[in-house]
Amino acid sequence: MRETWTDILANSFRGVVERLALVAPRLLALLALILLGWILAAVLRRLTLRLLAAADLDARCARWGLSAILRRGGIRDAPTALLGRLVFWIVLVMALLTGVEALEIPATAGLAAVIVRFLPNLVVAALVMVAGWLLANFLAQRTLIGAVNAQVAGAPLIAAAVRWLVLVFAGAAALTQLGIAREMVLLAFGIAFGGTVLALALAFGLGGKELAREILESRLRKQEEERDKLTHI
Amino acid sequence: MESLFPAGTLAALEAAGPVEVLVGIPTLNHARSVAGVLDGVGAGLTRRFAGQKVLALVVDSGSQDGTLEAVRAWQAGEPPLGAVQAVRLSGPSQRGRAIRAVLMAARHLNASACALVDGDLVSVTPEWVERLLRPILSGEADLVLPTYTRAASEGTLTTNLLAPLMAALYGRRIQQPVGGCLGLARSLVARLLEAEAWMGDLAIHGADLWMVTEALASGAPVVETHVGHRRVHPAPGPSDLATILVRVVGPLFSLMERYREAWERVRGSVPPPRAGSPSALLPPAEEAPAERMVRAFRMGLKDLLPVWEQIMPEETLSRLYPLGLLPAEEFRFPPPAWARVVSDFALAHHERRLPRDHLLRSLTPLYLGRVASFLGEARAASADRLPQILEEIGGAFEAEKEYLRARWR
């Protein structure tokens with residue numbers, strides 16, 4: 001009985017050690033690849049920054065108006081820093097994928113190949129999102145300024161609604177591109193968009209009919225009054 | 001020239017020329033007013049320039065309201081002047097193209113003096129025509145600009161932004177940079193036609209301002225002449241305030257880029273030589289809607305802050321916050337704070353910190369606040385103090401110039 005217990009203990013310990021001996025090199029390989037990837041990413045990032053600084057990219061982007069476009073989109077970083085960070089993360093993610101492959105876990109086998117195959121769709125989806133985000137900001141700002149100049153109450157709310165409408169539309173387009181639950185996305189977007197428009201039409205048509213007339217009338221009246229009393233040029 | 005004028009027009013013009021004096025009337029949907037303008041111009045050329053070869057040229061850039069038919073009807077009556085021609089330009093309906101066509105005709109006909117009178121300026125009289133052209137013909141000036149006797153509630157963008165900023169930039173305190181009429185010497189016409197500005201955006205809405213800026217920046221002799229009261233019959237169409245700011249302030253800011261070297265070296269300002277009786281600023285109309293303008297300013301301060309934060313630094317914004325708490329009757333937007341706001345907008349426009357159209361439209365509530373303050377000051381002041389109010393605005397813009405110069409990259 002005592003021998004059996006010892007054997008069991010020894011066997012299980014041996015088993016763990018054997019399994020560890022089998023996995024440890026792979027884990028070490030993963031850690032080494034991550035470390036190497038991180039070092040390589042940092043070096044390439046620094047190299048990119050130096051090269052782009054030598055090419056005077058920030059000043060060129062300012063001249064071409066690209067920096068202003070980024071600022072308008074809420075990105076405060078310089079284009080050089082942005083590209084440096086992009087290079088860093090691309091290299092690090094590649095190192096991670098290679099490391100995961102090195103683990104030789106059945107669940108992750110071929111993951112890198114799948115991701116590489118998926119990359120074009122991912123890039124297109126990202127571009128759709130970036131374009132949507134820029135358009136959303138542009139239209140929201142335009143709406144905000146127009147509504148404030150027309151002295152419409154709740155201008156920020158209207159601008160936020162416009163921003164989210166465009167973002168949701170861009171998000172739906174990006175998800176469709178990725179092929180993620182395509183039918184569900186289309187259906188959900190159609191219902192949400194149609195519902196919003198219908199709700200607004202009903203709210204404005206039934207609830208705000210008088211208000212709408214009053215706003216339009218007072219606006220026209222004000223314009224006439226102002227035209228009579230003030231000249232700007 | 002052939003690309004602007006339709007076929008056959010040149011031959012007709014040549015048959016009329018050469019002329020000594022040419023008055024061009026650019027029109028765009030001015031059917032209601034063009035006959036009145038022609039009455040004043042025609043009588044002026046006939047009576048004041050008798051014995052000289054003259055021509056009035058209506059250049060229409062694509063009216064849809066029968067402006068040219070109105071001109072023909074005027075010609076078919078008993079016009080005070082026979083030498084009138086009307087031309088319709090092909091291509092896009094741009095005021096700048098009509099102005100360029102007038103200048104081209106003046107050069108083609110070798111006119112010594114050329115005047116431009118807007119097709120909506122119904123208050124033009126024979127005296128106006130003479131006052132715009134005499135200083136040119138006598139060699140006193142290359143550019144003659146009008147001054148008007150106006151109420152404080154008239155031309156508020158001119159008195160609070162255009163005139164003081166241009167004076168600070170280019171060193172001459174002209175009162176009406178965009179006055180609706182002006183006189184040009186042959187040499188200035190030639191120089192303007194050589195410039196490439198006609199090819200850019202400036203030609204669409206900023207041609208008037210550009211001509212004046214070019215004369216000021218090049219040091220050409222400029223004379224102002226008082227012509228009396230200004231009355232216009234504006235063409236139908238959209239004319240909301242934000243669009244006016246885009247079309248007038250936008251070109252002014254764009255011209256700052258073009259003439260940077262000129263304005264950076266100018267220090268101080270002097271009034272140009274003035275002819276005729278002095279112009280006067282009259283108290284504003286009582287019913288000017290100051291309360292609504294203050295409300296617009298407050299709403300801008302509340303809702304447009306995220307946009308203004310991209311244009312103005314915290315230091316400028318902190319000068320605006322207390323103004324939002326003032327009651328309408330005590331509302332005052334001091335000229336130094338206003339001049340700083342305009343400087344920050346000019347810098348942001350130059351650096352393209354946000355779409356230029358958005359930037360200029362977002363100036364609307366601030367401008368309305370400034371106008372409310374200006375009208376309040378003018379209403380409270382005696383008639384003697386009104387010119388002093390204008391001097392204070394001009395002084396504030398001159399004081400701001402160093403700030404602008406230091407930050408303009």
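Predicted model: local features only at pLDDT ≥ 70, side-chain atom pairs only at ≥ 80, totals over all residues.
## Confidence in chain A

Chain A averages a pLDDT of 83. In that chain, 86% of the residues score at least 70.

## Make-up of chain A

Chain A has eight helices and zero strands. Read from the N terminus, its elements run α-α-α-α-α-α-α-α. Burial is counted over 233 residues, of which 13% are buried.

Contacts in chain A can also be sorted by sequence separation. Take those between residues at least 6 apart in sequence: 63% of them join residues at least 24 apart.

## Where the chains touch

The contact between the chains involves 22 residues of chain A and 32 residues of chain B. On the chain A side, four helices each supply at least two residues: H3 (66-72), H5 (111-149), H6 (155-178) and H8 (209-229). H5(A) gives the most, with seven residues. By type, the chain A side divides into nine nonpolar, six polar and seven charged residues.

Eight strands of chain B form an open sheet with mixed pairing. Their order is S3-S2-S1-S4-S7-S5-S8-S9. Strands S3 (84-88) and S9 (274-275) of chain B stand at the edges. Each has a single partner strand, so one side of each is left without a neighbour in the sheet.

In the sheet order, S1(B) sits between S2(B) and S4(B). S1 (residues 21-27) and S2 (residues 54-60) of chain B pair in the parallel sense over seven bridges. Val21(B) stands opposite Val54(B) in S2(B). With helix H2 (residues 34-48) of chain B, S1(B) and S2(B) make a right-handed β-α-β unit. S1(B) also runs parallel to S4 (residues 113-117) of chain B, joined by four bridges. There, Gly24(B) stands opposite Leu116(B) in S4(B).

## Burial and the nonpolar core

Is S1(B) mostly covered or mostly open? It is mostly covered: seven of its seven residues are buried. Val21(B), Val23(B), Ile25(B) and Thr27(B) point one way from the strand. Leu22(B), Gly24(B) and Pro26(B) point the other way. Both sets are buried.

The largest nonpolar core has 155 residues. Which residues have the most contacts inside it? They are Leu22(B), Val102(B) and Ala115(B). Leu22(B) is one of the buried residues of S1(B). Ala115(B) is in contact with Val23(B), Val129(B), Leu132(B), Leu133(B), Cys181(B), Leu182(B) and Gly183(B), leaving aside neighbours within four places in sequence. In soluble globular proteins, nonpolar side chains tend to be buried together.

## A loop residue: Asp201(B)

Asp201(B) lies in the loop between helix H7 (186-194) and helix H8 (202-205) of chain B. Is it buried, exposed or partly exposed? Asp201(B) is partly exposed, because 13 other C-beta atoms lie within 10 Å. The cut-offs decide this: 12 or fewer would count as exposed, and 20 or more as buried.

Asp201(B) is 193 residues from Gly8(B) in sequence. In space, the two are 29 Å apart, C-alpha to C-alpha.

Technical notes: Residues numbered from 1 in each chain as written. Chains lettered and ligands numbered in written order. Contact = placed C-beta atoms within 7 Å. Nonpolar A, V, L, I, M, F, W, Y, C, P; charged D, E, K, R; others polar. pLDDT = per-residue confidence, 0-100. Pairing = 2+ DSSP bridges. Right-handed = clockwise from strand over helix to strand, strands pointing away. Core = buried A, V, L, I, M, F, W, Y, C linked by C-beta atoms within 7 Å.
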